[in-house]
Amino acid sequence: MAYFEWADDMVIDNGPIDKDHQILVRQVNELHTATSEGRGHEVVGRMLDELIRDTVEHIRREEQEMARMGYPRLVQHKQGHDQFVADLQGLQRKFEGGSSTVASQLSTVLRDWLSLHIRRYDKDMRQFTQQQSRSRAPA
């Protein structure tokens, strides 16, 4: 069983946002496996680089989509994104500074953030999109 399982209640768009989230879930599981096998420190540097790159790209796409559809809580959502990227960059600095606990910290931070962010904040975006679609649908 994977450390972090993709679940039906995490589906947002059955498209690019979900694909991005699934990539991040796969990365969380890869990092957790490496950490469990005692290889966390050897893979965390590469993983942090990938995670930061992929997360920034995902956030850019997600925020563009929110702006396009007029999502009313974009500013608050963006603040959460910005904080998460700052947290990842802080872990990267700790790793570069020689910390040996970054792999396990990162694994937990990612699992918890992805679960909360997708299931609460991205779900809100999905509900907004669905409401917009219903209000535009012919009666």
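Helix α2 passes helix α4 in a left-handed crossing, meaning that the near helix is turned anticlockwise from the far one by less than a right angle. This is a predicted model, in which local features need pLDDT of at least 70 and side-chain atom pairs count only at pLDDT 80 or more, while totals for chains, interfaces and linings use all residues. Residues are numbered from 1 along each chain as its sequence is written, and side-chain values use heavy atoms, with hydrogens and water left out.

**α2 against α4**
- The axes of α2 (residues 40-69) and α4 come within 12 Å and cross at roughly 15°.
- α2 is therefore roughly parallel to α4 (angles under 35 degrees).
- Contact (heavy atoms within 4.5 Å) involves residues of α2 including Val44, Leu48, Leu51 and Met66, and residues of α4 including Leu106, Leu110, Met125 and Phe128.
- By class, this contact has 11 nonpolar, 4 polar and 2 charged residues.

**Arg111**
- Arg111 lies in helix α4.
- Its relative accessibility is 26%, so Arg111 counts as partly exposed (between 20% and 50% relative accessible area, 1.4 Å probe, protein chains only).
- Beyond its neighbours within four places in sequence, Arg111 is in contact with Tyr3, Phe4 and Val28.
- The C-alpha atoms of Arg111 and Val25 are separated by 7.7 Å, although the two are 86 residues apart along the chain.

**Confidence**
- The protein averages a pLDDT of 86 (the predictor's confidence in each residue, from 0 to 100), and 97% of the residues score at least 70.

Notes: Axes fitted to C-alpha atoms, helices over the stretch in contact; angles between N-to-C directions. Helix = DSSP H or I, 4+ residues; strand = E, 2+ residues; numbered from the N terminus. Parallel < 35°, antiparallel > 145°, perpendicular 65-115°, else oblique. Nonpolar A, V, L, I, M, F, W, Y, C, P; charged D, E, K, R; others polar.
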